[in-house]
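Please look through the structure shown here with the following walk-through beside it, which moves from charged pairs to helices and then to sheets.

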Amino acid sequence: MPRSNVKASVRMNVLVVGGGGREHALAWKLAQSEKVDKVFVAPGNGGTALDARFTPVNLSTPQDLCAWAAAETIALTVVGPEAPLAAGIVDEFRAHGLRIFGPTQAAAQLESSKAFSKAFMKRHGIPTAAYEAFTDATAAHAYVDAQGAPIVVKADGLAAGKGVVVAMTLAEAHEAIDFMLLDNTLGVVHAAGDDGVAVPRVVIEEFLTGEEASFIVLCDGKNVTALATSQDHKRLGDGDTGPNTGGMGAYSPAPVVTPDVHGRAMREIILPTIKGMKADGIVYTGFLYAGLMIDAQGHVKTLEFNCRLGDPETQPILMRLKSDLFDVLWAATGEKLDQLELQWDRRAALGVVMAAHGYPMNPRKGDVVTGLPKDCDDLVVFHAGTIKNDSGICTSGGRVLCVTALGDSVKAAQQRVYDAIPDIQFAGAQYRRDIGYRAGKS
């Protein structure tokens, strides 16, 4: 891969926006670059607070972060989570001449509104499940009764991975509709009604069969580069049982994404999406994540779009990335992705999420975390829902840690992780014991 046009002797300050496991992994990888001086994280978490290489920034609004970045001569900013993107942080930074990697507020609608995303895919012929959108609960209930179960009910907005219910029975579907439209306890972004009043909305989709995979690419406005393939596990319990979560673990590479599936995903989903956005007057930059459903014949359909790296997919993906992440993001913010080729560790990587008691709906906070191992070449514990206080490292969110390892195979990486987990303790910890099972013996 060619060197970036930043001289190695000029060390740059970078900012990572966010405080989860994905952001810890981004900061960890950026700190390895010879071109990076300081890595700031806004706000970061207990894990980044433990590492002297990272400096927390206790600001959150796009405007405050932009003013701070300008004052601190931040050379490059990368945005981790979806909420700042939906709030227009990229637009704000660019308006002030600051270099930032991520999609604009308009482009981020692919994630921030499922109704927008589904209408976009239908308009541009991108394969996805048949659907209808509803703001009226009575109409939604009638649609479900007419379609039957299984069926999928999604909150139209950002719900931290918990706004999707795969209802195997009509009763589950009706309960999800009431929960999302009438109770609306997820606190999702609302759609605007005909009278201009904000109202909750759901998207109801046909149930697709097959195997899921995460397909993530970088886009610079002109060029597209695919990251290593990955697969996550959304359900809380072993054997893909229990409620949907933000993700309980992931591994890379994903054997289900064969070269043929990879080609189909690029031809039928990714490139038409970038082209379609441009046709709609929106130039797409940033990470683009397509959740794929792959059937037995290798056909692909789009389950959803995310406008950022997946979490927990980021952790194993970045464990495998051998290229300098600063170089990659610098090229991506300069429309020069076509000038580099990403280099990957041949080994597999796998991460297992350790979640708090009560996750996903009522995670408990404040439990002390002990037994954390030191990072080493083949094992890193990425923090997500943690905070550093007088008691040490304590839980502060649903997904607490992602224990991530490299191995000569998925099975070897899996063994490395599960050997490390018993030493890590906090009250009520829950985790799956079968992450990577779909990869077989690869």
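In this predicted model, the structure holds 20 salt bridges. One of them joins E82 and R22, whose closest N and O atoms are 4.0 Å apart. Because E82 belongs to helix 4 (residues 82-86) and R22 to helix 1 (residues 21-30), the pair ties together parts that are 60 residues apart in sequence. Both E82 and R22 are buried.

R364 forms a salt bridge with D367, where the closest N and O atoms are 2.9 Å apart; R364 counts as partly exposed, because its relative accessibility is 33%, whereas D367, at 13% relative accessibility, counts as buried. The side chains of D434 and R432 also meet in a salt bridge, at 2.9 Å from N to O. Here D434 is buried with a relative accessible area of 14%, and R432 is buried with a relative accessible area of 0%. Some salt bridges share partners, and in this way R22, E23, E82, E111 and R308 are joined into one network.

E23 itself lies in helix 1 and is buried, with a relative accessible area of 3%. A polar atom of the E23 side chain lies 2.6 Å from the backbone nitrogen of G20.

The next element to find is helix 8 (residues 137-147), in which A137, A140, H141, Y143 and V144 are buried. Seen down the axis of helix 8, these buried residues fall within an arc of 160°, so they line one face of the helix. The face of helix 8 turned away from this buried side carries the exposed residues T138 and A146. On the buried side, the residues pack against strand 6 (131-134), strand 7 (151-155), helix 9 (170-183) and strand 11 (202-206). The two ends of helix 8 can be examined as well: at its start, a side-chain oxygen of D136 reaches to within 3.3 Å of the backbone nitrogen of T138, and just after the helix, G148 takes a positive phi of about 85°.

An open sheet of 4 strands, paired in the antiparallel sense, has the order 13-12-18-19. Strand 13 (224-226) and strand 19 (300-306) stand at its edges, and each has a single partner strand, so one side of each is left without a neighbour in the sheet. Neighbouring strands of this sheet are turned against each other by 30° on average, direction ignored. Within the sheet, strand 18 (residues 285-294) and strand 19 pair in the antiparallel sense over 6 bridges, and L292 stands opposite T302 in strand 19. Helix 10 (residues 259-279) packs on this sheet, where it touches strand 12 (211-220), strand 13, strand 18 and strand 19, and the direction of helix 10 makes about 50° with that of strand 19.

Another open sheet has 5 strands in the order 14-17-20-25-22, with antiparallel pairing. Its edge strands are strand 14 (231-232) and strand 22 (379-383), each of which pairs on one side only. Strand 20 (residues 348-355) and strand 25 (residues 399-407) pair in the antiparallel sense over 8 bridges, and the bridge partner of V352 in strand 25 is V403.

Methods. Residues numbered from 1 in each chain as written. Predicted model: local features only at pLDDT ≥ 70, side-chain atom pairs only at ≥ 80, totals over all residues. Heavy atoms only, no water. Pairing = 2+ DSSP bridges. Axes fitted to C-alpha atoms, helices over the stretch in contact; angles between N-to-C directions. Contact = heavy atoms within 4.5 Å. Buried < 20%, exposed > 50% of the residue type's maximum accessible area, 1.4 Å probe, protein only. Arc of directions from axis to C-beta. Polar contact = N/O pair within 3.5 Å; in protein donor to acceptor, adjacent residues only side chain to side chain.
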